[in-house]
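Please look at the sequence and the structure before reading on.

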Amino acid sequence: MGLFDRLRGDDDPRVAFFGIDGVPYSFLKDNASEFPNIASLAKEGSAGAIDSIVPPESSACWPALTTGVNPGETGVYGFQDREVGSYDTYVPMGRDVQATRIWDRVAESGRDATVMNVPVTFPPQRNVQRMVSGFLSPGVDKAAYPDELRNYLNSIDYRIDANAKLGHKEDKSEFIENAHETLEARYEAFRHYIEQDDWDLFFGVFMTTDRVNHFLFKHYEEDGEYKQEFIDFYKKVDEYLGKLRDALADDVTMVVASDHGFTSLDHEVHFNQWLADEGWLSYEDDDHEELGDIADDTAAYSLIPGRFYINLEGREPRGSVPEDEYEEKRTELKEMLENLEGPNGEKVCAQVVEKENAFRGDHEDIAPDLVAIPNYGFDLKAGFKGHDDVFGVGPRNGMHSFDNASLFVDDSNVTIPEDVDLLDIAPTILDLMNIEYSGNELDGRSLA
């Protein structure tokens with residue numbers, strides 16, 4: 001029990017959650033000897049591989065993980081979403097998340113939450129104890145609340161994110177150095193507030209793991225030039241998680257999880273180019289760059305990652321597919337995607353999901369009609385500038401996966417069966433904290 005608990009006489013259980021964005025469970029399990037602290041957490045508590053959500057993209061995943069509901073409820077489907085009744089798109093931010101976050105429930109129960117570096121939380125909320133927003137925030141000065149937090153983070157050279165552009169260089173040494181510096185400052189900030197011990201929920205995310213995976217994962221899987229640097233980075237992650245665990249008071253349960261898995265990337269798939277080649281998508285002129293440039297005869301278009309929209313009459317401004325032909329066109333497109341093969345004859349899509357089987361809620365009006373879940377090796381792209389070929393190679397060699405995300409809970413009474421997914425984390429945390437919620441409010445179920 002921490003000093004703050006003794007002073008306040010509060011015996012409500014607490015939770016410290018640490019996100020390790022994009023870290024696959026099999027990687028941590030297969031290298032248990034390299035990561036003794038994570039191995040100890042698994043042995044003494046509960047651990048397992050879990051599924052992500054549809055689509056497995058961080059901008060959609062973190063709102064789902066932190067609310068316990070699917071994108072039909074959160075209103076966030078990806079890095080770029082479409083305005084209702086328009087071809088205009090926008091990048092979702094914290095205020096676009098339309099569901100109740102875990103820390104909102106903590107605040108409503110009269111308890112305190114410290115929230116650090118969670119993607120899709122800008123601008124920082126003022127109904128919690130302290131918050132620094134994560135991925136897509138413009139910088140610490142605007143992303144941190146209150147002033148005490150902002151001043152402290154600036155004093156330790158805290159960074160919202162690693163510099164991913166450095167990973168585009170063939171020589172990865174500068175990128176790796178930047179990743180380590182970002183990780184170190186993140187740990188220092190987490191440690192500082194963990195030891196302050198004045199919160200009921202601590203919720204922090206290490207985003208740099210995702211960045212390192214995007215540019216070094218194939219080096220790990222195929223014994224490439226930077227394999228050892230990849231392992232060394234994760235040794236530091238393991239060291240920091242061990243130190244944070246040691247710093248927690250006895251009344252705190254530690255939870256560690258990733259929002260999706262990861263695997264090696266072999267081919268980028270430019271789906272709008274594919275739709276154009278197959279006669280489903282055309283543009284008003286040759287100088288096209290965005291969704292609004294599509295022509296009236298377009299039957300379908302794509303947004304990342306693997307989201308497909310029928311250009312439906314009455315829903316899209318220049319919809320060309322009549323409503324009575326919607327199901328036929330969608331079925332045809334689904335079959336084409338299921339049969340699509342890569343350069344070496346491999347199936348591109350592991351499954352293609354209809355929207356009614358993936359999304360439900362008050363914000364289904366911008367839901368994609370189909371979502372393609374790729375097989376390992378195929379990274380699903382969109383873009384409207386056009387490409388010479390459907391299949392290409394970019395600067396990244398690692399990609400997200402729907403399966404093989406990670407979950408660790410420092411409580412042996414928690415059970416992690418095979419059918420667990422991202423939506424089960426929020427109700428588990430709420431149960432661990434003895435915070436009440438209605439069973440029909442959340443899409444997941446508690447593992448506690």
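How many cavities of 30 Å³ or more does a search of the whole structure find?

The structure shown is a predicted model. A search of the whole structure finds one cavity of 30 Å³ or more. Two elements, α3 (36-44) and α11 (227-247), each give two or more residues to the lining of the largest cavity.

The space in the largest cavity comes to about 40 Å³. Its lining consists of Asn 37, Ile 38, Leu 41, Leu 241, Gly 242, Arg 245 and Met 254.

## The largest pocket

The volume of the largest pocket is about 930 Å³. This pocket is lined by 34 residues, and Phe 79, Ile 304, Asp 379, Lys 381 and Arg 396 are the closest to its centre.

Several elements give two or more residues to the lining of the largest pocket: α10 (208-221), β11 (267-270), β15 (370-374), β16 (378-381) and β18 (398-401). Among these elements, β15 supplies the largest share of the lining, with four residues.

Which residues form a negative surface patch? The patch is made up of Glu 83, Asp 88, Asp 285, Asp 286, Asp 287, Glu 289 and Glu 290.

One of these residues, Asp 88, sits in a loop. That loop lies between the strands β3 (81-82) and β4 (89-90).

Conventions
Residues are numbered from 1 along each chain as its sequence is written. This is a predicted model: local features need pLDDT of at least 70, side-chain atom pairs count only at pLDDT 80 or more; totals for chains, interfaces and linings use all residues. Side-chain values use heavy atoms; hydrogens and water are left out. Patches are made of residues with over 30% relative accessible area and no salt bridge: like charges are joined within 9 Å, nonpolar side chains (Val, Leu, Ile, Met, Phe, Trp, Tyr) within 5 Å. Accessible areas come from the Shrake-Rupley method with a 1.4 Å probe; for residues, only the protein chains shown count as cover. A salt bridge is a side-chain nitrogen of Lys or Arg within 4 Å of a carboxyl oxygen of Asp or Glu. Lys and Arg count as positive and Asp and Glu as negative; His and the chain ends are not counted. The place of a charge is taken as NZ of Lys, CZ of Arg, CG of Asp or CD of Glu. On a 1 Å grid over the protein atoms alone, a cavity is a set of points where a 1.4 Å probe fits but cannot get out, and a pocket is an open set with protein on both sides within 12 Å along at least five of seven lines; lining residues have an atom within 4 Å of a point. Grid points are joined across faces, edges and corners, and a volume is the space filled by probe spheres set on the points.
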